[in-house]
Amino acid sequence: MVISADDIRTHAQELGFNLVGFIPATPSAHLSHYLAWVEAQHYGEMGYLARSDRVARRRDLSLILPDVRSMIVVGMDYRPYIEDQSILNDPARGRIASYAWHLDYHPVLLTRLHTLASKLGMPSPSNKCYVDTGAILERSHGWQAGLGFIGKNTMLIHPRRGSYFFLGEILTTHEIDTYSVPHAESQCGRCTRCLQACPTDAFPKPYVLDARKCISYHTIENKGWVESSLRSRFGNWVYGCDVCQDVCPWQRFTPHTPPEEFHPANFTTVAPWIVDLLRLDDATFHQLYHSSPIFRIKRERLVRNACIVAGNWGSEEAIAPLKHLLNDPSRYIRGHAMWALGQILKAEAITLIDKALGDEKDHELISELCHTRTMLQPYC
Ligand code: SF4
Ligand code: SF4
């Protein structure tokens, strides 16, 4: 069966997709770029990105869906307008990346992709839908499908919408009567705003992101210790980071009109108070974030991140909840809470560290505490 591109476009728009394109199911044009990124180990602890079976699927999409012929790529805007922008930069609040201000986008997009496939008469064995989770180089295929260009910040940027949109794909065994023309390679020109604005210098060069230095990677993917030299550069980001997108001049075209599901219910998913995050227990975490992308990192990582931001905030208001966290069951929370207390109390924190070292049996945590103690010596 050959599917009409016009039919796909019509149904996709009815389902609320803002962008749509169609490509033959050939390997990504940026495969060599990706392989070089893997070779340089820029993926950090996201070892699944370098797994040979996943690399093989990126090379050959028929390993994902036998007899695959085409890919439909869609985009959906997600950034609503926030009336009071000042809350985003308030150091007493923990800032959350805008893609997580609302309901988890995976089920929202997947449901609509399945509906799209069904409206097009494609039974499930003849297609596979993905939102962010498949072994697919989404942004590269998005470029190939004409949805935008890949910027120096590695994001897919549409010249009339910016980059605040989600991507989704349908792989199908059907042909499409017209395929899209790839977008121009890059429209960054001489601009380097994103590279200069990154708080952690995570771009070794344009179009290459070293995840090991990225705030987004550390606050979301890193399950353990955050390198101490990076912590003070996190500012107030507790989940993700939008800096290299916010500064991009193409964002002036962002349509702040996403679907209802992508409007935040309240500030707890935009910029919650740090002291509230430090006091989160499992039950409250579940209640507040069970339907948000934040739920994936669990309470432990969110509170660990909040400790880092509390240290950057430097306010005495954080001292009591941080001291309470020194008894938390998580070694990572205890260690990052002590680091934050060191940032606020300076030399006074050494007494706390020495007491903790006297009681501590965890070797990793002992090493972390000793490191924090050493960092505080200049204040003695
Ligand atoms: Fe840098 Fe933030 Fe962009 Fe990561 S998300 S590369 S930390 S600006
Ligand atoms: Fe390109 Fe400038 Fe946007 Fe970076 S900020 S992606 S260099 S246009």
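Let me begin with a helix pair: the axes of α12 (residues 298-313) and α14 (residues 331-345) come within 7 Å and cross at roughly 10°. That makes α12 roughly parallel to α14, a label given to angles under 35 degrees. Axes here are lines fitted to C-alpha atoms, for helices over the stretch in contact, with angles from 0 to 180 degrees between N-to-C directions. Helices (H or I, at least four residues) and strands (E, at least two) are DSSP runs, numbered from the N terminus.

The model is a predicted one, in which local features need pLDDT of at least 70, side-chain atom pairs count only at pLDDT 80 or more, and totals for chains, interfaces and linings use all residues. Residues are numbered from 1 along each chain as its sequence is written, chains are lettered from A and ligands numbered from 1 in the order in which they are written, and side-chain values use heavy atoms, leaving out hydrogens and water.

I turn to the sheet. Four strands form an open, antiparallel sheet in the order β2-β3-β8-β5, where pairing requires at least two DSSP bridges. β2 (19-24) and β5 (127-130) stand at the edges with a single partner strand each, so one side of each has no neighbour in the sheet. The twist averages 15° from one strand to the next. Between β5 and β8 (residues 165-172) there are 4 bridges, and Lys128 has Leu171 in β8 as its bridge partner.

Helix α4 (residues 105-119) lies across β3, β5 and β8, at about 40° to β8.

Finally, the domains: domain 1 (2-80 + 103-176) and domain 2 (273-380), with bounds from an automatic or database assignment, have C-alpha centres 39 Å apart.

Notes
Parallel < 35°, antiparallel > 145°, perpendicular 65-115°, else oblique. Contact = heavy atoms within 4.5 Å.
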